[in-house]
Amino acid sequence: MENKEVIIEVKDLVKSFDDRKVLDGVNLKVHKGETLVIMGGSGCGKSTLLRHMTGAYKPDSGSTFIKGKDITKMKESEFDNIRKIFGMVFQYSALYDSMDVEENISLVLKEHTKLAKDIISIMVKMKLELVGLRGFEKFLPSQISGGMRRRVGLARAIAMDPEIVFYDEPTAGLDPIVAGVIDRLILDLSKKLHITSIVVTHDMRSAFTIADRIIMLYEGKIIAEGTPDEIKSGKDPRLVQFVEGNPDGPIQFFQNSGEYLEELTK
Amino acid sequence: MLGMISGIGSIVLSTLSQVGGIFILFGQTLYWMFIGPFIGKAASRKNIFAQMVFTGANSLLIVFFVSFFTGIVLAMQSAYQLAQLGAEMYVASLVAVSMARELGPVLTALVVAGRVGAAITAELGSMKVTEQIEALQTQALNPVRYLVVPRFLALLVMLPCLTIFSDLMGMLGGYVMGVFNIGINSGMYIDITIDFLTLKDIYTGLIKSVFFGMIIALIGCYMGLNTSGGAEGVGRATTVSVVTSFIMVILADCILTGIFFFSQM
């Protein structure tokens, strides 16, 4: 892994919302072709970290490099060229409601390439075949199920044959079988098309299935990093608690501040 | 006391930042309208026409009803006054001039703000809260170019068109009342209308409607793109958008009428 090309690098990333520090000095390298899973509890900053890599958020300090270029100091027009090499799968699919499945996938091809209409239509069919939804071109997002929407979202993310795909909780809210289908699709895509995948999830089963490498985020910091086996045998009590899903442990579920009795008798 | 002052301060600050945001959006819209086509990134023609149909053609019926009945009411109210002077036939000029200068543009703008402005905010707002706006950005598709410019252009072109239609329908309402009820001779009604109506009456009304169109589009898009807080947030943004548009349309009407009045146009 050491001698592989670094495609994304995050350096000393710090981000606060209001007074709450969400990311507190995150350092991270993603190698070309690997599947990196970022896991952690709700509110630990994993989605925020992902959005710094896609450029949706600007950091308070620190920087993100994609293919060696600092995207935090880039002009919008320059960054648009970088955006064309990555795709993103959203937590709730975020398909364009007013367009059918085919238009959802082809929009980016129509806007950024000069391909003829019939070529684009063939490409859409190929992407839909990859996610097992050929024949659903003319359906609207509201007419298909949640799992199908997620798969269309995946097809849309790979429409431009990206080098990097970001997944924001790709299996959240799906039944175990559909979640398994999504996992297999992610695996297939990274193996067949050699796509670098960055997956944010708190679904442990999914994380251990697809990951080459896992990092765990807690209170804005990376507390563990390693292959799935290393993570499973990790000794950090916070990591053990998270992997086992234990309600008692160093990570406190209750986030109350102040003295309980004091507040009651105020 | 201190709480009140800081409360007022925070309201002023948030209002100023919203006004600033609307002007920034205006600048970006102009950029994508005029510079965009030359760098090969024009707004899609299909979207512009779809928005024009929704904004213009689909508003015809409601604009017809509002203007036609307003014309009838205007004719009745002015006939009541003019009868005391024995000058009922001037109902024609009164209806025509007040429709063209004032009521046509303003009523159309208010109707369109309620119908189209609300729809724009609700649509963009729900796109925002379901991450569709972020999806557009991730695909290197600028939301201003892709969503705002077509709506802005559609309102800019269709609101003056609807205003012309509204002027005509108001005059038709006045004609129906004047000829069939008050008893003015049909030919005379039309003659007086044409004699008294000058070109400037019409174009000042149209200039107003161009400004109203920009106001409705910018406020509607800005409120939509800055929605937060789920379904409830979309509802709140839509209400704020319509109320703000109404106030701004009337305020702009007041300012523009003042300018036309004092510059003797």
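How many disulfides does the structure hold over all chains? The count is 0, where a disulfide is a pair of cysteine sulfur atoms within 2.5 Å. The cysteines come up again below. This is a predicted model, in which local features need pLDDT of at least 70, side-chain atom pairs count only at pLDDT 80 or more, and totals for chains, interfaces and linings use all residues. Residues are numbered from 1 along each chain as its sequence is written, chains are lettered from A and ligands numbered from 1 in the order in which they are written, and side-chain values use heavy atoms, with hydrogens and water left out.

Start with the sheet in chain A. Helices (H or I, at least four residues) and strands (E, at least two) are DSSP runs, numbered from the N terminus. Two strands pair if DSSP finds at least two bridges between them. The sheet is open and has 4 strands, in the order β2-β1-β4-β5 (chain A), with antiparallel pairing. Its edge strands are β2 (20-31) and β5 (69-70) of chain A, each of which pairs on one side only.

Now take the strand pairs in turn. β1(A) and β2(A) run antiparallel and are joined by 9 bridges. On to the next pair. β1(A) is joined to β4(A) by 5 bridges, again antiparallel. Here A:Lys11 has its bridge partner, A:Ser63, in β4(A). Strand β4 (residues 61-66) of chain A then pairs with β5(A) over 2 bridges, in the antiparallel sense. Across this pair, A:Phe65 stands opposite A:Asp70 in β5(A).

Helix α1 (residues 46-53) of chain A lies across β1 (6-17), β2 and β4 of chain A. Helix α1(A) runs at about 125° to β1(A). Axes are lines fitted to C-alpha atoms, for helices over the stretch in contact, and angles run from 0 to 180 degrees between N-to-C directions.

Further along chain A, two helices pack together. They are α5 (residues 146-157) and α6 (residues 176-192) of chain A, with an angle of about 10° and axes 10 Å apart. From α5(A), the contact (heavy atoms within 4.5 Å) uses A:Gly147, A:Arg150, A:Arg151 and A:Leu154. From α6(A) come A:Val178, A:Val181, A:Ile182, A:Leu185 and A:Leu189. By class, this contact of α5(A) with α6(A) has 6 nonpolar, 1 polar and 2 charged residues. Ala, Val, Leu, Ile, Met, Phe, Trp, Tyr, Cys and Pro count as nonpolar, Asp, Glu, Lys and Arg as charged, and the others, Gly among them, as polar.

One more residue of chain A deserves a look. A:Glu102 sits in helix α3 (residues 101-112) of chain A. A:Glu102 is buried, at 16% relative accessibility. Buried means under 20% relative accessible area, exposed over 50%, partly exposed in between (1.4 Å probe, protein chains only). Leaving out residues up to four places away in sequence, A:Glu102 touches A:Ser121, A:Val124, A:Glu137 and A:Lys138.

Chain B has 9 helices and 0 strands. Its C-alpha trace spans about 65 × 55 × 35 Å along the principal axes. Of its 265 residues, 48% count as buried. Among contacts in chain B with a separation of 6 or more, 84% come from residues 24 or more positions apart.

B:Val242 lies in helix α9 (residues 230-262) of chain B and is buried, with a relative accessible area of 17%. B:Val242 touches B:Ala113, B:Gly114 and B:Ala118, not counting residues up to four places away in sequence. B:Gly86 lies in the loop between α3 (60-82) and α4 (91-129) of chain B. B:Gly86 is exposed, at 57%. The C-alpha atoms of B:Gly86 and B:Thr130 are 64 Å apart, with 44 residues of separation along the chain. Finally, the cysteines. B:Cys221 is buried, at 0% relative accessibility. The closest cysteine sulfur to that of B:Cys221 is in B:Cys161, 19 Å away, too far for a bond. B:Cys254 is exposed, with a relative accessible area of 54%.
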